[in-house]
Amino acid sequence: MSDKKVIVKAVAKEEAPAAKAAPKKPLYQPKGDVLISVKNLDKTFKETIHAVRNVTTDIHKGEVVVLIGPSGSGKSTFLRCLNLLEVPTGGSITMDGEDIMDKNADLNKHRQKVGMVFQHFNLFDNLNVIQNMTIGPIKLKGESEAAANQRAMNLLDRVGLADRAEAYPSQLSGGQKQRIAIVRALCMQPEVILFDEPTSALDPEMVGEVLDVMKQLAAEGMTMVVVTHEMGFAREVADRVLFMADGALIEEGTPEEIFDNPKSDRLKDFLSKIL
Ligand SMILES: Nc1ncnc2c1ncn2[C@@H]1O[C@H](COP(=O)(O)OP(=O)(O)OP(=O)(O)O)[C@@H](O)[C@H]1O
Ligand SMILES: [Mg+2]
């Protein structure tokens with residue numbers, strides 16, 4: 001990630017004289033092929049609440065996209081549309097070129113490719129850590145218990161929680177629960193992980209340990225779409241920041257473009273309140 005920033009800076013420097021005459025090219029260079037393509041996405045609740053309006057964007061393999069915007073601007077709804085926890089009312093979503101809204105699309109297969117981490121962890125309270133992590137691979141993917149356990153233990157080890165494999169969620173701190181929720185998502189070997197305010201329910205001293213795991217994942221090339229109010233994380237880790245207001249995608253760009261050079265009044269106003 002740091003290499004990329006160095007390259008971007010170098011290119012920006014070289015192109016500086018020409019940039020005066022020509023329209024400025026975006027600094028952001030997509031990392032890989034398009035993984036999820038969203039076109040004119042719309043979601044209306046009860047025919048009157050227009051939660052997502054005509055959103056078009058591509059998410060590339062290996063990209064970290066951070067979604068920001070005021071409360072009620074449609075961030076969660078947009079995210080939930082990507083794994084069809086909400087069924088869009090208009091537009092299209094393709095993943096790996098496959099139309100996931102097609103009535104013949106294999107929904108379960110799609111959801112297996114899209115991990116999700118929620119604000120309130122959503123662990124199964126009646127299952128211990130290792131059971132929480134292996135139930136998906138065993139029940140949904142037909143993996144053997146031995147193989148699922150092995151992967152789960154490796155992942156637990158990576159986030160420093162191997163000694164909590166037998167613990168139940170009620171015996172864990174919020175930060176530990178969220179780290180478990182992240183490695184549980186990883187157990188399914190997803191192509192992308194969606195995070196909906198993963199640190200908002202945590203005590204401040206536990207935010208860092210969860211963000212560290214997310215940073216590690218990003219550095220390893222995981223495709224991530226993250227709704228967060230952690231602007232430090234967005235600046236440091238995001239390849240691209242999307243700003244939503246009233247259901248619409250108002251502005252998108254690199255963290256530098258969004259935070260240091262906002263164009264729309266809506267974004268300027270939002271940033272003045274949160275930064
Ligand atoms: N299941 C639902 N039924 C009806 N309205 C809904 C539903 N879910 C969301 N909404 C409405 O859709 C709009 C967008 O909500 P959403 O939760 O996506 O916003 P958000 O940007 O995630 O907000 P927050 O930052 O508070 O989490 C809001 O007006 C909300 O009240
Ligand atoms: Mg939300």
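Trainee: Which element gives the largest share of the lining of the largest cavity?

Mentor: Please bear in mind that this model is predicted. The lining of the largest cavity consists of Leu 155, Arg 158, Val 159, Val 183, Leu 186, Val 213, Gln 216 and Leu 217. Three helices, α5 (145–158), α6 (174–187) and α7 (204–219), each supply at least two residues of that lining. The largest share, three residues, comes from α7.

Trainee: What is the volume of the largest cavity?

Mentor: The structure holds one cavity of 30 Å³ or more. The volume of this largest cavity is about 50 Å³.

Trainee: Which element gives the most residues to the lining of the second largest pocket?

Mentor: That pocket holds about 610 Å³ of space. It is lined by 24 residues, and those closest to its centre are Arg 111, Met 116, Leu 140, Arg 184 and Met 188. Two or more lining residues come from each of α3 (107–113), β6 (114–117), α4 (129–141) and α6. With seven residues, the element that gives the most is α4.

Trainee: Let us turn to Lys 75. Is Lys 75 buried or exposed, and which side chain of opposite charge is nearest to it?

Mentor: Lys 75 belongs to helix α2, which covers residues 75–82. Lys 75 is buried and has no salt bridge. A salt bridge would need a side-chain nitrogen of Lys or Arg within 4 Å of a carboxyl oxygen of Asp or Glu. The nearest side chain of opposite charge is 5.0 Å away, and it is that of Glu 197.

Trainee: Which residue has its backbone oxygen 3.0 Å from a polar atom of the Lys 75 side chain?

Mentor: Leaving aside neighbours within four places in sequence, Lys 75 is in contact with Leu 67, Ile 68, Gly 69, Pro 70, Val 227 and Met 244. One of these contact residues also places its backbone oxygen 3.0 Å from a polar atom of the Lys 75 side chain, and that residue is Pro 70.

Trainee: Finally, consider the chain as a whole. What percentage of the contacts between residues at least 6 apart in sequence join residues at least 24 apart?

Mentor: The chain contains ten helices and ten strands. Of its 275 residues, 48% count as buried. Among contacts between residues at least 6 apart in sequence, the share that joins residues at least 24 apart is 67%.

Terms used. Residues numbered from 1 in each chain as written. Chains lettered and ligands numbered in written order. Predicted model: local features only at pLDDT ≥ 70, side-chain atom pairs only at ≥ 80, totals over all residues. Heavy atoms only, no water. Helix = DSSP H or I, 4+ residues; strand = E, 2+ residues; numbered from the N terminus. Buried < 20%, exposed > 50% of the residue type's maximum accessible area, 1.4 Å probe, protein only. Lys, Arg positive; Asp, Glu negative; His and termini not counted. Polar contact = N/O pair within 3.5 Å; in protein donor to acceptor, adjacent residues only side chain to side chain. Contact = heavy atoms within 4.5 Å. 1 Å grid on protein atoms, 1.4 Å probe; cavity = no way out; pocket = protein on both sides within 12 Å on 5 of 7 lines; lining within 4 Å. Points joined across faces, edges and corners; volume = space filled by probe spheres on them.
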